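Trainee: I would like to learn how to read a structure like this one. Where do we start?

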Amino acid sequence: MLIVMEAGARPEQIEAVVRHIEKMGLKAHPIPGAQRTAIGVTGRQGMKDPGFVENFPGVKEVIHVSHSYKLVSREAKPDDSVISVGGVDVGGTGVVVVGGPCAVESIDQTRRIAESIKLGGGQLFRGGAYKPRTSPYSFQGLGEQGLEILARVREEFDLPIVTEAIDEPTLKLVEQYADCIQIGARNMQNFSLLKTAGRSRKPVLLKRGMSATLEELLLSAEYIMSEGNYNVILCERGVRTFSDHTRNTVDLSIVPAIKRISHLPILVDPSHGTGKRNKVLPMSRASIAVGADGVLVEVHHKPEEALSDGPQAILPATFAQLVREVDAIAQVLGRTLQPALATS
Ligand code: PEP
Ligand code: MN
């Protein structure tokens, strides 16, 4: 259920509705928008009918939302959400480029790549300290030492950090070090992890599961939001199909499909999406053209020596070209490349 307040509703009127909802044992989520505030109601509504809040002062209408996702929907918030990741806005009119290695391998490797991301015009840095690998014998990441390296790199290059948490204990660590918690494709439906992320104060980058539908992706975002963390960024990273010329198939049409029904920003990851270095640049251009709020790409200065995902890592020079071209395409669409943080 969604309670839409009048455009001029006063804070105490909103507060009165919230108190009433909570008194009924339900959860109230005030969602301020450009035009009006809506209050999402979650929890087991069952027999309780909070419908008569319709008569509360300041209430415009009560909408019974028929689909299972609520807080993620444009009905709850008609205008686009803009989410700050360490001071860089994701969503709205700006587009962002997130770049970095698949995995943090050493301080030297991470510094070297971070420098190229900053010089190339990227706004956010990525790199895994905890790697969910298909084989237990593959490199699993440096763990907390990797997070320390990321934190040092953030200070040195003024690049906010996005890094993955793979379970509850690593999420607790990631939220201490990083600016944004990544939940990977393999964990998109790890509901207890989603709830833990929902109780964090850090924004969450939620990647689409490799066989998840649009509705499943939105419901996973809803899990995070229903716990009170409204700062969710979605990410299309390719799904499994019969096509075997790429690692996965980038489902670009999910971008406009999501934009129609959700206010959340969505990025595209053409690195995991294609698994092939030579496809990353063209698919990045296409992602922006189709309306994505940015791209997330893997970069390595020596891809042949990378401990994971070398074949899909682009070189620093290609990264700089990618940022320039993303910027040019964004401008055709009346958007701009988000400014990077100034170097302190
Ligand atoms: C990653 O971004 O490092 C990653 C493992 O991606 P995904 O979860 O999309 O496979
Ligand atoms: Mn990777």
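Mentor: Start with a definition: a polar contact is a pair of N or O atoms within 3.5 Å. Keep in mind that this model is predicted.

Trainee: Which polar backbone atom is 2.8 Å from an oxygen atom of ligand 1?

Mentor: That backbone atom belongs to alanine 185. Side chains take part as well: a polar atom of the arginine 126 side chain lies 2.7 Å from a ligand 1 oxygen. For the side chain of arginine 237, the distance from a polar atom to an oxygen of ligand 1 is 2.6 Å.

Trainee: How much of the accessible area of ligand 1 does the protein cover?

Mentor: On its own, ligand 1 has 300 Å² of accessible area, and the protein covers 97% of that. As for the site, ligand 1 sits in the largest pocket.

Trainee: Which residues surround ligand 1?

Mentor: Among them are Lys131, Glu164, Gln182, Gly184, Arg186, Lys207, His272 and Glu298. Sorted by class, the shell holds 7 charged, 3 polar and 1 nonpolar residues.

Trainee: Now the whole chain. How many helices and strands does the protein chain have?

Mentor: There are 10 helices and 15 strands in the protein chain. Its radius of gyration is 20 Å, close to the 20 Å that the globule rule gives for 344 residues, so the chain is as compact as a globular protein of that length.

Trainee: What does the C-alpha trace span along its principal axes?

Mentor: The span of the protein chain's C-alpha trace is about 65 × 50 × 45 Å.

Technical notes
Residues are numbered from 1 along each chain as its sequence is written. Chains are lettered from A and ligands numbered from 1 in the order in which they are written. This is a predicted model: local features need pLDDT of at least 70, side-chain atom pairs count only at pLDDT 80 or more; totals for chains, interfaces and linings use all residues. Side-chain values use heavy atoms; hydrogens and water are left out. A residue is near a molecule or strand if one of its heavy atoms lies within 4 Å of it. A polar contact is a pair of N or O atoms within 3.5 Å; within protein, one must be able to donate a hydrogen and the other to accept it, and residues adjacent in sequence count only if both atoms are side-chain atoms. Accessible areas come from the Shrake-Rupley method with a 1.4 Å probe; for residues, only the protein chains shown count as cover. On a 1 Å grid over the protein atoms alone, a cavity is a set of points where a 1.4 Å probe fits but cannot get out, and a pocket is an open set with protein on both sides within 12 Å along at least five of seven lines; lining residues have an atom within 4 Å of a point. A molecule sits in a cavity or pocket if more than half of its atoms lie within 2 Å of its grid points. Ala, Val, Leu, Ile, Met, Phe, Trp, Tyr, Cys and Pro count as nonpolar, Asp, Glu, Lys and Arg as charged, and the others, Gly among them, as polar. Helices (H or I, at least four residues) and strands (E, at least two) are DSSP runs, numbered from the N terminus. The radius of gyration is taken over C-alpha atoms; the globule rule is 2.2 Å times the number of residues to the power 0.38.
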